[in-house]
Amino acid sequence: MKNILVIGCGYIGSFVASLLSNSYHVTVTTTREANKKELEKKFTKVCVLNTSDTVKLQHLLDETDAVIVTVAAKDRSSYKPTYLDTANNLKAAIESRSKPLQIVYTSATSVYGDQNGAETTEDTALNPSSDNAKILVDTENTYLSIQSDLINVCIFRLSEIYGPDREIKKRVLYYENKSAPGDGSQCANMIHAKDIANAICFAVEKDLSSIYNLSDDERITRKELYDKAAEKYQLKQVQFDPSIKSSFLGNKKIVSEKIKKTGFNLEYPHRQW
C-alpha cells in the first residue's frame with residue numbers, strides 16, 4: 001500500500017486526503033499547530049510542517065511514495081512563499097533521492113492569461129497577465145525541472161473551484177449590493193472540488209505524469225452563470241460594471257480532453273446549482 005503525503009490540507013487538500021485514506025496510508029500537513037487537533041479528528045497522521053525545514057521535509061518524503069501539493073495562498077501577497085518557495089524547498093529535499101516518487105501539484109488556469117475567448121488546451125502558449133500568475137508559471141517550471149527517471153511530476157491546472165461551502169449561489173449573494181467586475185462576457189470556467197479530488201486520486205492510482213487541465217464541460221459566460229443561479233434561488237440579478245477590472249484574468253474556454261483520454265471521467269461535467 002502506497003504512503004501518501006498531502007502538503008496543504010485546506011479546502012482541496014482535505015477532500016483529497018479523505019478520498020486517498022480509503023486506499024492508502026495518508027499523512028497530512030499543516031503549517032499551524034492550532035490546526036493540528038482539528039485535522040486529527042479526520043486523519044490518523046497529521047504533521048505540523050513548514051517546508052522551509054527541508055530536513056523534516058526530507059524525513060517525511062523518505063517514507064513517501066507520492067506527495068500531493070495542494071497549498072493555497074491566503075492572499076495575493078503570499079503567492080511566492082506559498083507556491084514557488086514550497087516548490088524549491090521540495091526540490092531541495094529530494095535532491096539525493098534514490099527511489100521512485102510521484103509529485104502531484106495543483107496549479108491554476110490563470111497561467112494562460114487572456115486567450116480572447118479561444119479554446120485553451122495544455123498546448124496553448126502561456127500568457128500570464130499578472131505577477132502572481134507569473135509566479136505560478138515559475139512554480140510549474142520548478143516542479144517540471146524535478147522530472148526524472150525516478151520522479152514523476154503531474155500538474156493539474158484548475159479552473160475556478162466550487163463545491164460544498166463554495167456554492168455558486170454564494171457568488172451571486174456576494175454581489176447583491178455591488179456590481180461585479182467586467183461586462184460578464186468572459187467564459188466562466190469552473191470545476192467541482194470533488195472532481196479535483198477524484199482526478200488526483202486517479203493520477204496516484206495510474207501514476208500519471210504530464211500537465212492536465214481540469215474544467216467541467218459547461219460553456220457559458222459569467223453573466224449567464226450568475227443569471228441562472230439568481231433565477232434558481234430567486235435572488236437579485238447581478239449587475240456588471242465594465243469600468244471595474246475583472247479578477248478572472250482573461251477570457252478563455254478551458255478544454256479538459258487530455259485528462260479524459262487517460263480514462264478519467266468527471267463526476268460533475270455540468271454545474272451543480
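**Entry 1: the cores**

I began with the largest nonpolar core, which has 36 residues, and I noted that Ile4, Leu20, Ile68, Phe156 and Leu214 are those with the most contacts inside it. The model I am reading is a predicted one. Looking up which elements give two or more residues to this core, I found β1, α1 (11–20), β2, β4, β7 (151–158), α7 (193–206) and β11 (210–214). The largest share of the core, nine residues, comes from α7. I also recorded a second, separate core of 30 residues, which includes Ala87, Ala108, Val111 and Leu136. As a general reminder to myself, nonpolar side chains tend to be buried together in soluble globular proteins.

**Entry 2: Ile4 and the second largest pocket**

I then looked up the surroundings of Ile4, leaving aside its neighbours within four places in sequence, and found it in contact with Leu20, Tyr24, His25, Val26, Thr27, Thr64, Ala66, Ile68 and Val204. Ile4 came up again when I turned to the second largest pocket, which is lined by 15 residues, with Ile4, His25, Val26, Thr27 and Lys45 lying nearest its centre. The elements that give two or more residues to this lining are β1 (3–7) and β2 (25–30). I noted a volume of about 220 Å³ for the pocket, and by class its lining has six nonpolar, six polar and three charged residues.

**Entry 3: helix α3**

In helix α3, which spans residues 54–62, I found Leu57, Leu60 and Leu61 buried. Seen down the axis of α3, the buried residues fall within an arc of 100°, so they line one face of the helix. I checked what covers these buried residues, and the list includes β1, β3 (45–48), β4 (66–69) and α4 (79–93).

I looked up Thr29, which lies in strand β2, and at 3% relative accessibility Thr29 counts as buried, because the cut-off is under 20%. Not counting residues up to four places away in sequence, Thr29 touches Leu5, Val6, Ile7, Gly8, Cys9, Cys47 and Leu49.

I then turned to Ser107, which is found in strand β5, residues 101–108. Ser107 is likewise buried, with a relative accessible area of 5%. With residues up to four places away in sequence again not counted, Ser107 touches Leu136, Glu140, Ile155, Phe156, Arg157 and Leu158. I had already met two of these names in my first entry, Phe156 in the largest nonpolar core and Leu136 in the second, separate core.

Definitions and conventions
Residues are numbered from 1 along each chain as its sequence is written. This is a predicted model: local features need pLDDT of at least 70, side-chain atom pairs count only at pLDDT 80 or more; totals for chains, interfaces and linings use all residues. Side-chain values use heavy atoms; hydrogens and water are left out. On a 1 Å grid over the protein atoms alone, a cavity is a set of points where a 1.4 Å probe fits but cannot get out, and a pocket is an open set with protein on both sides within 12 Å along at least five of seven lines; lining residues have an atom within 4 Å of a point. Grid points are joined across faces, edges and corners, and a volume is the space filled by probe spheres set on the points. Helices (H or I, at least four residues) and strands (E, at least two) are DSSP runs, numbered from the N terminus. Ala, Val, Leu, Ile, Met, Phe, Trp, Tyr, Cys and Pro count as nonpolar, Asp, Glu, Lys and Arg as charged, and the others, Gly among them, as polar. Buried means under 20% relative accessible area, exposed over 50%, partly exposed in between (1.4 Å probe, protein chains only). The arc is that of the directions from the helix axis to the C-beta atoms. Contact means heavy atoms within 4.5 Å. A nonpolar core is a set of buried Ala, Val, Leu, Ile, Met, Phe, Trp, Tyr and Cys residues joined through side-chain atoms within 4.5 Å.
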